[in-house]
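Hi,

Here's the structure I promised to pass on.

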Amino acid sequence: MLVVQGPVLSRLAGRLAPRTLFSLGMAGLACAQLTFARGDASLLFAGALLFAAGNGIAWPTFQARTADAASEEEQGAVQGAVTSAGAVGSIAGLTLGGIAYPWLGGGLFVVAASVFVVVLLAAPALFRRPSAD
């Protein structure tokens, strides 16, 4: 993620619209989950790379979008809320995933991929502002 959020994202941000970047990240995250669902150890490294790249592109792009949506006076509160929501989402997701895994096994990763695809499909609504495209 360090490499992606540094030189890779800065190069892509100059060439692609935020919605496209976010969609690319979500697609990477969905593909990563599908590689994890296979349960194939040889795909684990590829899935980890896809996950790091997808998260490294999507999360900063989403944070920038939320910052753009807030006024200057609200920046700190909005960024704090986004960071807090991300932390709560991580805790809840990992906890629920740990509970569901015994029942769903690798299918849990298909569910996760489906969630990322839903968010990917919602990207046009999330990045509706003309200046974001």
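H4 has 30 residues, which at 1.5 Å a residue should span 44 Å, and its end C-alpha atoms sit 40 Å apart, so the two agree. (The expected span is 1.5 Å times one less than the number of residues; helices are DSSP runs of H or I, at least four residues, and strands runs of E, at least two, numbered from the N terminus.)

This is a predicted model, with local features needing pLDDT of at least 70 and side-chain atom pairs counting only at 80 or more, while totals for chains, interfaces and linings use all residues. Residues are numbered from 1 along each chain as its sequence is written, and side-chain values use heavy atoms, leaving out hydrogens and water.

Back to H4: there's a kink of about 30° at Gly 98, shortly before Pro 102 (the angle between axes fitted to the seven residues ending there and the seven starting there). Val 82, Gly 97 and Ala 100 of H4 are buried, meaning under 20% relative accessible area with a 1.4 Å probe, protein chains only. H3 and H5 are among what covers the buried residues of H4. After H4 comes Gly 105, with a positive phi near 55°.

Now the lining of the largest pocket: H4 gives the most, twelve residues. H2 (18-38), H3 (41-69), H4 (75-104) and H5 (107-126) each supply at least two. By type, the lining has 20 nonpolar residues, ten polar and no charged, where Ala, Val, Leu, Ile, Met, Phe, Trp, Tyr, Cys and Pro count as nonpolar, Asp, Glu, Lys and Arg as charged, and the others, Gly among them, as polar.

Cheers

Notes
Buried means under 20% relative accessible area, exposed over 50%, partly exposed in between (1.4 Å probe, protein chains only). Contact means heavy atoms within 4.5 Å.
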